[in-house]
Amino acid sequence: MSLEEAIGHYARLTPDKAAVITAGGTLSYAALWERIRQKADTLKLREGEPYVFPTTQDADFIVTYCAVHLCGGVAVPRSVSGNEIVNCKSSNSKCSSILFTTGTTGTSKGVIVSGEAWTANAENLIDRLGFTSDLLFIICGPLNHLGSLSKVYPTLMCGATLYILESLKDLPAFFSVFSLPFRKFATFLVPSSIRMLLQVAPKELAAVSRKIDFIETGAAAISRHDMERLCQLLPHSRLFNTYASTETGIICSYEFSRYGCEPGLLGKPMKHSSVRIGEDGRVICSGRTIMSGYAESPEATAQVLRHGEVFTSDTGFIDNEGMLHLQGRLDDVINVGGYKVNPSEVEDAAAGFQPIADCICIPAPHILLGTVPKLLYVPRQGKEVKPRDIADYLKGRIESYKVPLLYEAVDAIRRTYNGKPDRKAYT
Amino acid sequence: MKERIIELLSAALPTVDLESDFLFSELDSLGVTTILMLLSEEYGIELEAKDATPKNLQSIDAIVKMVQGKMKV
């Protein structure tokens, strides 16, 4: 069953039940289905035609996303950079959506995800995490990213309810959701969001502990300390660490609240997924959840997707019980609270800023995010360069999470013999 | 106090326009948490999640007022 078929199904079965709640109000399944059908009538898309639309954190996003599918079109939620407009001129009919990610390759690309892959992702999550119809799932991350969008599917395919928040920054708004009359609540939080809640809202978390059925984390490494602290604060909740990426789909998940807090342990593959380790230690994934390829980029697709397997840049091993352990990455990508940043992309963007003569982007430790991009820059002779000016220049040219948080003026950038920035010299 | 807060936050959040009258909309969840943690430490006050409202973080002046209010408690 597709997402749209499921919404139509529950519009008949439980028409008055809340499907999507936002600060602006509640849409029942019947109302959601009606709005999707009305929107589909206005779109007039050809089969397989990409439709680029803004990523908004509200019910309109769900309506447009599903309406595009109802027309047979391809949903392309837009990110800050807006590259989607030039990169998605055409697509094939198997494609359901194109999500833009830095992910596996470290360069921003449109990942083609089929309808079958979305359904398999949803079934993986329903099976492993236990989505049920009495659940209120809180979305507090961007809906154009896999972490949040992948939860829309199992929630609505179970006939449960979504609560969409703009972000996690309005913490009183986040905690006020738990006063709604639902028996069970769940959410997806990247490790940096968990760290944030542990730092500034431990009492509030503990106060709602009996209401939280489960929390899923993923996209970046979570520390043993944060896992243990979360288990202490939420002794009644199921806590999962999941391995997923836009290219691979949802692959493995490990319930650390039940089996123990082990950093890097991601558990066994879910029912529609398989994982193996290559000779170079690389994690290789296959199964029904994997992407169909990169939009408009057969060369990049061939590098990552071969014979039905996605070759990730993550390294790890599989233990005697068949559980995946992650160890690191094979490339220079900086993982910023779950968002992948290619340092070359930051350097290329910063190179266009005239007052800078040279620069290098390197990972630097950060108390909340674990690691953040730091820009070392050489001011052009006679120029005074303020970090704020560099950041302002980069905003709008690259996505906000890629804009370095830390800056340092240096006399020169060390380079390798062939002229590339010598990243190893700075680590 | 205002100058010190601007100094602290400028160093920690170089990408944020601290002069904005719509400061809360400029912030992401990391920015909000950074402000709470830095000011709690600097002024020995307890800033919690419930303090991170759009009103309290609307501008630097609003932040100064929130800190002053906490210091009186």
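Leu376(A) has Glu408(A) as its bridge partner in strand 24 of chain A. Strand 23 (residues 370-379) of chain A and strand 24 of chain A are joined by 4 bridges and run parallel. Two strands are taken to pair if DSSP finds at least two bridges between them, and the elements are DSSP runs numbered from the N terminus, with helices (H or I) of at least four residues and strands (E) of at least two.

The model is predicted: local features need pLDDT of at least 70, side-chain atom pairs count only at pLDDT 80 or more, and totals for chains, interfaces and linings use all residues. Residues are numbered from 1 along each chain as its sequence is written, while chains are lettered from A and ligands numbered from 1 in the order in which they are written.

Contact here means that the C-beta atoms of two residues, placed from the backbone, lie within 7 Å. Axes are lines fitted to C-alpha atoms, for helices over the stretch in contact, and angles run from 0 to 180 degrees between N-to-C directions.

### The sheet of eight strands

A further open sheet of chain A has 8 strands in the order 2-1-8-7-9-10-11-12, again with mixed pairing. Strand 2 (25-28) and strand 12 (249-255) of chain A stand at the edges with a single partner strand each, so one side of each has no neighbour in the sheet. From one strand to the next, the twist averages 20°. Within the sheet, strand 7 (residues 135-139) of chain A runs parallel to strand 9 (residues 184-188) of chain A, and 4 bridges join them. Leu136(A) has Phe185(A) as its bridge partner in strand 9 of chain A.

Two helices that pack on this sheet are described next. Helix 5 (residues 115-129) of chain A touches strand 10 (212-218), strand 11 (238-245) and strand 12 of chain A, and its direction makes about 5° with that of strand 12 of chain A. Helix 6 (residues 146-157) of chain A touches strands including strand 1 (18-22), strand 7 and strand 8 (161-164) of chain A, and its direction makes about 160° with that of strand 7 of chain A.

### A hairpin

Strand 14 (residues 273-277) of chain A pairs with strand 15 (residues 282-287) of chain A in the antiparallel sense over 5 bridges. Val275(A) has Cys285(A) as its bridge partner in strand 15 of chain A. These two strands of chain A form a hairpin with 4 residues between them, and Gly281(A) in the turn has a positive phi of about 85°.

Two packed helices are described by the angle between their axes and the distance between the axes.

| Helix pair | Axes come within | Crossing angle |
|---|---|---|
| Helix 1 (residues 3-13) and helix 2 (residues 29-43) of chain A | 8 Å | roughly 130° |
| Helix 1 (residues 2-12) and helix 3 (residues 29-43) of chain B | 11 Å | roughly 135° |

In chain A, helix 1 passes helix 2 in a left-handed crossing. Residues of this contact include Ile7(A) and Tyr10(A) of helix 1 of chain A and Trp33(A) and Ile36(A) of helix 2 of chain A. In chain B, helix 1 passes helix 3 in a right-handed crossing. A crossing is left-handed if the near helix is turned anticlockwise from the far one by less than a right angle, and right-handed if clockwise. Among the residues that meet are Leu8(B) and Leu9(B) in helix 1 of chain B, and Ile35(B) and Leu38(B) in helix 3 of chain B.

### Domains and the contact between chains

An automatic or database domain assignment gives chain A domain 1 (3-329) and domain 2 (334-426). The centres of domain 1 and domain 2 of chain A, taken over C-alpha atoms, are separated by 30 Å.

Between the chains, 23 residues of chain A are in contact with 16 residues of chain B. On the side of chain A that touches chain B, the elements giving two or more residues are helix 7 (171-176), helix 8 (191-200) and helix 14 (387-394) of chain A. Helix 8 of chain A gives the largest share of that side, 5 residues.
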